[in-house]
Amino acid sequence: MTVLQEPVQAAIWQALNHYAYRDAVFLAERLYAEVHSEEALFLLATCYYRSGKAYKAYRLLKGHSCTTPQCKYLLAKCCVDLSKLAEGEQILSGGVLNKQKSHDDIVMEFGDSACFTLSLLGHVYCKTDRLAKGSECYQKSLSLNPFLWSPFESLCEIGEKPDPDQTFKLTSLQNFSSCLPNTCTTVVSNHNISHRQPESVLMETPQDTIELNRINLESSNSKYSSLNSDSSMSYIDSAVISSDSVPLGSGTAILSKQAQNKPKTGRSLLGGPAALSPLTPSFGILPLETPSPGDGSYLQNYTNSSSVIDVPSTGAPSKKTVSRISQAGTKSVFSQSGNSREVTPVLVAQTQSSGPQTSTTPQVLSPTIAAPPNALPRRSSRLFTSDSSTTKENSKKLKMKFPPKIPNRKTKSKTNKGGITQPNLNDSLEITKLDSSIISEGKISTVAPQIQAFTLQKAAAEGLMSLLRDMGKGYLALCSYNCKEAINILSHLPSHHYNTGWVLCQIGRAYFELAEYMQAERIFSEVRRIENYRVEGMEIYSTTLWHLQKDVALSVLSKDLTDMDKNSPEAWCAAGNCFSLQREHDIAIKFFQRAIQVDPNYAYAYTLLGHEFVLTEELDKALACFRNAIRVNPRHYNAWYGLGMIYYKQEKFSLAEMHFQKALDINPQSSVLLCHIGVVQHALKKSEKALDTLNKAINIDPKNPLCKFHRASVLFANEKYKVSLGARGSLEIPVAGNGVPWELNVHRSPWGAPGLAGRAWDMGSICFGKCLPHQGGIKCFDWNKIWGRQVLLFKLLF
Amino acid sequence: MTTPNKTPPGADPKQLERTGTVREIGSQAVWSLSSCKPGFGVDQLRDDNLETYWQSDGSQPHLVNIQFRRKTTVKTLCIYADYKSDESYTPSKISVRVGNNFHNLQEIRQLELVEPSGWIHVPLTDTHKKPIRTFMIQIAVLANHQNGRDTHMRQIKVYTPVEESSIGKFPRCTTVDFMMYRSIR
């Protein structure tokens, strides 16, 4: 019965890998109907989830018992997607009421996918207000797998300060090799499902893979005799099986042809030039004589995360061609090594192969190659190993069983390989063995190339780690609102990473938080130019344009975003900002509400809606909106500020001060916030404190004119002026920025005294004069009657 | 006054809104009419569409009552009237009354319209030249052109001045450079 599944499973995987979800779902449903195994259930649920129907996967898995970790993980993921957080938590860790599993239990249970499980669990905890537990989970997840960025990001966002240097490092080889296969297998699935799933797929075949790898190894050797015999053996296997499965057999034949045809082209692309170029990426491809993607031997070697280590085999193309032509059997062998393909593309992806195009082709090739022939090796292995092939078997267990099961020959070669790779890899991990065997393949069996290969691989991962460290530092600085530092760190990234949407958006946001809107706008327009499909971060851009009152640019942005993605809250926030700028507050409110509908967990939409309600004087609704924003994200200082503003409008000054202070605790660098606090303190009659605060604000951002203005008004209100300068009361003050004339308008004089007036000319000199009370504006302006008071007043201003 | 000058049309109130100095608050009020023809009622008066109109169906004076939930500052009233399309239905004499309730109304403005052809801005100020604060506004159509009995009114908008925060500590800035720093959004 299990034998029946193989081609079907392979076909389903092939469909999934080609995003043909209808096909995959249909086949998976047939498979599940035929075989009610948990593996088939998992496969069906995966098909549903990948096709975007999380609810189907959820209901399916709920309706049947899920005991395997992969099913549990997928079910928990569906629960979280459907916002059923309690249920998700229960599945992963035993729930709130029951005894909860510790992290170690989870690691034990989920094994290689524990890092993702913990990340998901951390997410659940954070969403349910248990930040301490959440951050613990994230930390643990990161310690298991430093390649994950999202737990680090989440930690920064909840206010923790994880240390990027500690987090993003390859602590030990064990970790390194353990992450890779895990992550790589999950990357295949694109949904971070437990790697067990591909493992289960591979389950029948790991032996084969080792076998294949060994065969591959030997095949690339000059020991063609052994190769012949091996390949013939595997050929026999395929022959045995092919009688039952003609199409698959033909598949491999086709494959062999493919493999034959590809090599030359691939080789030239990935060959020497890549190695020689000074711009070789620090990870992604390894700069050695990489065999062509289509090359059979390359394929074998490729199983190891683009570590194209294939030195010996690439020695002479002729050698290759010989090996290629020598037997068609080798092709089928290579194709059989397609099992490991499941691993390969992932590994490559994992190390973020930003390398040349061809590096991706093997990934594409390999799944295609992998799928049909998978059946063959599995069967062949089954023929040899009778009791190792239950579908649900723990992969580790299976691998343990590995060595004894493999026929002597294979065992010998395996241990041989093992011997070779011992010095390099920790042998406690079977997958490591797998890797090592893969690494070692294609070599003349000497130690040096393997070590070289491995160090190259490690170097690639190190390259990524150092990049992540830098980016982590930058992101951490940004989340703690040390914006200048963040900009500094991120600007020092290598230029090819700097000029990507994510990095530029973070820098743009940093400028935004510093209230340097011109700079922010410049950066964001660059983002739009290079990555016009990016919506994350565009809400900040829209607010920047709102501040700068650039209505045309803002309306273009909002139109483009809403056309592109109607399901993103950022697009609707941009649209709302656009109409808010046009003072059409009702329409803006409508769009912000739409943003909330699209994503109820998006805090900024609530904040913007709150601001709109304030502008339409519906303060109760505004209060509710800001409170919602804080509920979603307690570190959203804009919402705290909004609450403070409402209380200020309602003249509840102490409440206002408290809320502004909370906002300031989150973002201590904001001069606008400090300015507001100063004003409120003055309203509370704490003028000394007000002056301190305003002075601090001016120190942080000397360009903020309102701080100075408010400081002047506080001083004026306290009548702190003394007789000062001479008759000429004009001061030459460089106008910060443009030298454009600006007007400072205070026509209502709340203190009953004549108000201020000021006018700057292009060269930046500012003259103040006494403003005659009736005119109530800047117009009146009697230069000759400068009085000491006023002179001092604007001296205080600047 | 041999040939009375035609009432010139005022600016589109949308322009007024865009200055940010006023805000339309008709949505915060309860509107009622003394009479109306079915299908030509309050909704047509408040639908932002100049093609639709309110048609009264009773005896003069025809009244539009605007009642706020709380005492509201009203700066301007904007009425759209078009002689060319409404002819004898076009109002010619309008009286604006304010007060706390129906029994408490006091006329504060009376205006004569001569062949209006667009928006008419009616600033409502009290004796101190400040915008009025009131619970209720009543617009009474006392007479129509050509002595028509019923009246058409196409659109009415009510504007309140946008207040700065209560004490006026955050001044109205006019340039972008200042406004950038006014608030966090």
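**Exercise 1. Decide whether A:Cys578 is buried or exposed.**

Step 1. Recall the cut-offs: buried is under 20% relative accessible area, exposed over 50%, partly exposed in between (1.4 Å probe, protein chains only).
Step 2. Read the value: A:Cys578 has a relative accessible area of 8%.
Step 3. Conclude: A:Cys578 is buried.

This is a predicted model: local features need pLDDT of at least 70, side-chain atom pairs count only at pLDDT 80 or more, and totals for chains, interfaces and linings use all residues. Residues are numbered from 1 along each chain as its sequence is written, chains are lettered from A and ligands numbered from 1 in the order in which they are written, and side-chain values use heavy atoms, without hydrogens and water.

**Exercise 2. Describe the surroundings of A:Ser480.**

Step 1. Locate A:Ser480: the loop between α27 (447-479) and α28 (483-491) of chain A. Helices are DSSP runs (H or I, at least four residues), numbered from the N terminus.
Step 2. A:Ser480 is buried, at 15%.
Step 3. Leaving aside neighbours within four places in sequence, A:Ser480 is in contact (heavy atoms within 4.5 Å) with A:Lys161 and A:Pro668.

Definitions and conventions
Helices (H or I, at least four residues) and strands (E, at least two) are DSSP runs, numbered from the N terminus.
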